[in-house]
Amino acid sequence: MMKQYLTYEVDQHHLKLTSTGEWTLNSVLQIENILRIIPYDRKIIWDVSGVSEFDSAGVLLFIEYFERFQKETEIEVVGYTENQKDMYKLLNKNIPEIEISGKKSTLENLGKRTLEIYKELTSFITFTGHLFYAMFHTFIKPSDIRIKETVYHIHQSGFNAIVIIAMTSFLVGMVISYQGSVQLAKFGADIFIVDTVALSITRELGPMITAIVIAGRSGSAYTAEIGAMKITEEISAMRTMGFDPYIFLVLPRVIALMIALPLLIFFADIMGIFGGMVASKMQLGISMTQFIDRVYEVLEVKHYLLGMMKGPVFAFLIASVGCFRGFQVSFNTESIGLHTTKSVVNGIFLVIAFDALFSVIFTELGL
């Protein structure tokens, strides 16, 4: 009796599945008993032309096993009707359409990737719109700002990152000083190593190194936290109870990082200059007193302020990308790892891109 719903034949090269009869709620249990024992160690050709009737239960069963087979081997579906295709698309909007052809051309892959980037960009713009609306709402109604959670995230993203920021900035300052001193010593311009270290750390490297470290540390944590909440359906429950996830989850993280990152940049500037001071003493014999006196001469306040201006912008980019990727997580643990990786990569890329943009703007303005 089961054979009227599904049969399969195995040969040397592929496995052929033939679906027949009614794929409805009344028959899905019998069909699934057959699908469970089907070996999928070779290419599968699935013929659905014999299905006489189907409902949502039958299509969902097909979707479940189509995805399972697709992860393990190559699968080709033949004989489907327009009605079946429409039902498939309706019930499974996030999965690409069933394709008869196996290998795609380079141009087709390029077009598909371009479309994916376009969809992600529009989704991020929509997310940013929701975020700005939440900011405007809390500006009008400050009592909705979650002070306790914001302070908690300042502690997590700021205070707990001090050690790694200090080590990274100190070592970067030493590297700049060591590398620069070799060249400057050839011209007897040893003292100018102070100019190189002080200006490069405060204007460029301090903010950028801090932002990159925070993107890898806090941006990924935001994605993982929100992604886990989505998998456990906490976000859905929050919406059901009438709470806005952007106000309760996103805004405290964004505000916290916009406060914490400039403070970390200030600390990174100090540690970077101190690293350069130590290296200068070891390599060129410049005393710490000479180094500090030269810093007072060459490091104007504007250089420090230009670097600090980047902090809130970098923080907004890192936090918003981290939260956005968290909301994109689907209902499986593999998706958390995938979107956490994307969060770090996107955050670092945006930090470097906007740092380049700042450099061009400051140069054009003569700053």
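Reply: Contact means that heavy atoms lie within 4.5 Å of each other. This is a predicted model, in which local features need a pLDDT of at least 70 and side-chain atom pairs count only at pLDDT 80 or more, while totals for chains, interfaces and linings use all residues. Residues are numbered from 1 along each chain as its sequence is written, and side-chain values use heavy atoms, with hydrogens and water left out.

Helices are DSSP runs of H or I with at least four residues, strands are runs of E with at least two, and both are numbered from the N terminus.

Start with a residue inside the helix. Ser218 lies in helix 7. Is Ser218 buried or exposed? Ser218 counts as buried, because its relative accessibility is 2%. The cut-offs are these: buried is under 20% relative accessible area, exposed is over 50%, and partly exposed is in between, using a 1.4 Å probe and protein chains only. Leaving aside neighbours within four places in sequence, Ser218 is in contact with Ser157 and Leu257.

Two packed helices are described by the angle between their axes and the distance between the axes. An axis is a line fitted to C-alpha atoms, for helices over the stretch in contact, and the angle runs from 0 to 180 degrees between N-to-C directions. Helix 7 passes helix 9 in a right-handed crossing. By class, this contact of helix 7 with helix 9 has 17 nonpolar, 7 polar and 3 charged residues. Handedness is left if the near helix is turned anticlockwise from the far one by less than a right angle, and right if clockwise. As for the classes, Ala, Val, Leu, Ile, Met, Phe, Trp, Tyr, Cys and Pro count as nonpolar, Asp, Glu, Lys and Arg as charged, and the others, Gly among them, as polar.

Helix 7 also meets helix 6, which covers residues 162-186; their axes come within 10 Å and cross at roughly 145°. This crossing of helix 6 and helix 7 is right-handed. Among the residues of helix 6 in this contact are Ile164, Val172, Gly173, Ile176 and Leu184, and among those of helix 7 are Ile193, Val197, Leu205, Ile209 and Val213. The contact of helix 6 with helix 7 has 11 nonpolar, 8 polar and no charged residues.

A further neighbour comes from later in the chain. Ser343 lies in helix 12, residues 333-364. With 2% relative accessibility, Ser343 counts as buried. Which residues does Ser343 touch, not counting those up to four places away in sequence? They are Gly219, Ser220, Thr223, Val321, Gly322 and Arg325. The C-alpha atoms of Ser343 and Gly216 are separated by 8.5 Å, although the two residues are 127 residues apart along the chain.

Glu233 is in the loop between helix 7 and helix 8, which covers 234-240. Glu233 counts as partly exposed, because its relative accessibility is 49%. Its phi is near 65°, a positive value in a residue other than glycine. Most residues other than glycine have a negative phi.

Now for the whole chain. The chain has 12 helices and 4 strands. Its radius of gyration is 29 Å, well over the 21 Å that the globule rule gives for 367 residues, so the chain is more spread out than a compact globule. That radius is taken over C-alpha atoms, and the rule is 2.2 Å times the number of residues to the power 0.38. The C-alpha trace spans about 95 × 55 × 35 Å along its principal axes. Of the 367 residues, 41% count as buried. Among contacts in the chain with a separation of 6 or more, 80% are between residues 24 or more positions apart.

Ser320 is another buried residue, with a relative accessible area of 1%, and is found in helix 11, residues 301-328. Apart from neighbours within four places in sequence, Ser320 is in contact with Phe124, Phe127, Leu131 and Val254.
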